[in-house]
Amino acid sequence: MSVILGIETSCDETAASVVQDGSIIRSNVVASSVKIHQQYGGVVPEQAARAQLSSMIPVLHETLQQARVKSVDIDSIAVTFGPGLIGSLLVGVETAKTLAVVWGKPIVPVNHLLAHFYAIPPPPFPWIGLLTSGGHTDLILSKNHGEWEYLGGTRDDAAGEAFDKTGRLLGLPYPGGPAIAKLAEHGNPDAFPVPRPMLDDDSLDFSFSGLKTAVSRIIHDQHLDDQQRADLAASIQEAIVDVLVLKTVRAAQQHKVAHVVVAGGVAANSRLRDKFELEIDLHIPPPTLCTDNAVMVARYAHFNFHPIPWESVDVAPNLSLDRQAI
């Protein structure tokens with residue numbers, strides 16, 4: 001039996017989880033500082049790290065209590081080492097290193113981006129993975145655990161970033177994705193001719209900055225009433241979803257792959273889920289495991305168990321998927 005404690009602090013969440021044998025979630029605790037950042041319209045790195053310093057010990061205590069385990073029951077510690085905010089990453093990594101020394105446990109550094117694909121147990125290989133979140137929009141072909149090919153990614157704004165920026169233009173609260181999705185429930189997705197950047201491009205890359213510019217012009221050129229705001233929100237959501245679905249399905253067809261894993265915060269969008277399920281054999285986490293969590297960190301470490309000496313673990317804020325890494 002393998003019992004892994006996962007720790008995740010790459011952005012504004014402080015998360016810990018105990019996962020058994022890569023499948024059984026014994027506990028899953030997440031403390032978010034999103035309410036602090038809402039007044040600024042985005043994450044403030046220094047405040048995120050301070051909140052994580054305050055939350056780390058209580059989160060760990062609750063995680064072990066929920067899982068009904070003690071330190072002696074933990075086989076190893078998995079921790080996100082990148083990418084992310086340097087201060088936030090240091091909180092998690094230094095905590096994991098301390099526990100590894102005190103408890104005498106091996107430590108497994110985890111790539112946050114790859115971990116998202118392990119929020120649920122992965123399907124049979126090979127599979128196409130779409131990571132779509134506030135900071136990342138990437139496509140990979142996963143051939144085995146730890147073996148993947150980078151297929152394409154965003155050239156500018158990520159999908160989640162496009163939701164946040166257009167949401168701000170509409171006067172909606174941060175984060176923009178859930179706010180736009182809620183407003184879009186009452187809107188007509190065909191009401192505004194919002195562009196779908198690179199939709200007809202043969203590449204598997206993405207670009208969403210043009211969409212943001214188009215939305216800015218629409219709002220600048222006319223005074224929108226409540227129904228028009230809902231229509232524009234629905235049009236924005238539909239455009240982003242259309243691009244994500246088409247590019248991902250194209251990747252699956254090009255590589256003759258039956259399974260697709262969609263992960264990241266934007267994967268919680270119900271319209272995205274609905275459109276994907278019409279096209280492919282979809283594997284997608286429940287909404288609670290789409291945003292940052294430590295279940296995915298512990299589960300990734302189970303399937304990719306590569307412990308290293310605690311003194312060798314360091315943060316890598318700029319880690320990416322477009323090169324082979326841990």
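Helices (H or I, at least four residues) and strands (E, at least two) are DSSP runs, numbered from the N terminus. The model is predicted: local features need pLDDT of at least 70, side-chain atom pairs count only at pLDDT 80 or more, and totals for chains, interfaces and linings use all residues. Residues are numbered from 1 along each chain as its sequence is written, and side-chain values use heavy atoms, with hydrogens and water left out.

**View 1. The whole protein.**
The protein holds 10 helices and 10 strands. Its C-alpha atoms fill a box of roughly 65 × 45 × 30 Å along the principal axes. The radius of gyration, taken over C-alpha atoms, is compared with a globule rule of 2.2 Å times the number of residues to the power 0.38. A compact globule of 326 residues would come out near 20 Å, and the protein agrees because its own value is 20 Å. Of the 326 residues, 56% count as buried. Buried means under 20% relative accessible area, exposed over 50%, and partly exposed in between (1.4 Å probe, protein chains only). Contact means heavy atoms within 4.5 Å. Among contacts with a separation of 6 or more, 72% join residues 24 or more positions apart.

Glu161 and Lys165 form a salt bridge, with the closest N and O atoms 3.0 Å apart. A salt bridge is a side-chain nitrogen of Lys or Arg within 4 Å of a carboxyl oxygen of Asp or Glu. Both residues lie in helix α5 (residues 159–169), 4 residues apart, about one turn of the helix. An α-helix has 3.6 residues a turn, so residues three or four places apart point the same way. Glu161 is partly exposed at 25% relative accessible area. Lys165 is also partly exposed, at 23%. Other α5 residues are buried, including Ala162, Phe163 and Thr166. The cover over the buried residues of α5 includes β6 (127–132), β7 (137–144), α6, α7 and α8. Just after α5, Gly171 takes a positive phi of about 80°.

Arg196, Glu238, Asp242, Arg271 and Lys275 are linked in a network of salt bridges. A search of the whole structure finds 9 salt bridges. In one of them, Arg196 meets Asp242 at 2.8 Å, N to O. Arg196 lies in the loop between α6 (176–184) and α7 (209–221) and Asp242 in helix α8 (residues 226–254), so the pair ties together parts 46 residues apart in sequence. Arg196 is partly exposed, at 26% relative accessibility. Asp242 is buried, at 17%. Lys275 and Glu238 also meet in a salt bridge, at 3.0 Å, N to O. This pair links distant parts of the chain, with Lys275 in helix α9 (residues 270–277) and Glu238 in helix α8, 37 residues apart. Glu238 is buried, with 8% relative accessibility.

**View 2. Gln237 and its contacts.**
Gln237 sits in helix α8. Its relative accessible area is 9%, so Gln237 counts as buried. Leaving out residues up to four places away in sequence, Gln237 touches Phe163, Ile180, Ala181, Ala184, Asn269 and Arg271.

**View 3. Val313 in the segment after α10.**
Val313 lies in the segment after α10 (295–303). Val313 is buried, at 3% relative accessibility. Beyond residues up to four places away in sequence, Val313 touches Val93, Lys97, Ile107, Pro109 and Ile308. Val313 and Ile107 are 206 residues apart along the chain, yet 8.3 Å separates their C-alpha atoms.

Most residues other than glycine have a negative phi, and most peptide bonds are trans. The bond from Gly82 to Pro83 is cis, with omega near -10°. Pro83 is in the loop between β4 (76–82) and α3 (86–103). Phe125 and Pro126 are also joined by a cis peptide bond, with omega about -5°. Pro126 is in the loop between α4 (112–116) and β6. Met198, a residue other than glycine, has a positive phi near 60°. Met198 lies in the loop between α6 and α7 and is buried, at 18% relative accessible area. Lys256 has a positive phi near 55°. Lys256 is in the loop between α8 and β9 (259–263) and is exposed, at 74% relative accessibility.
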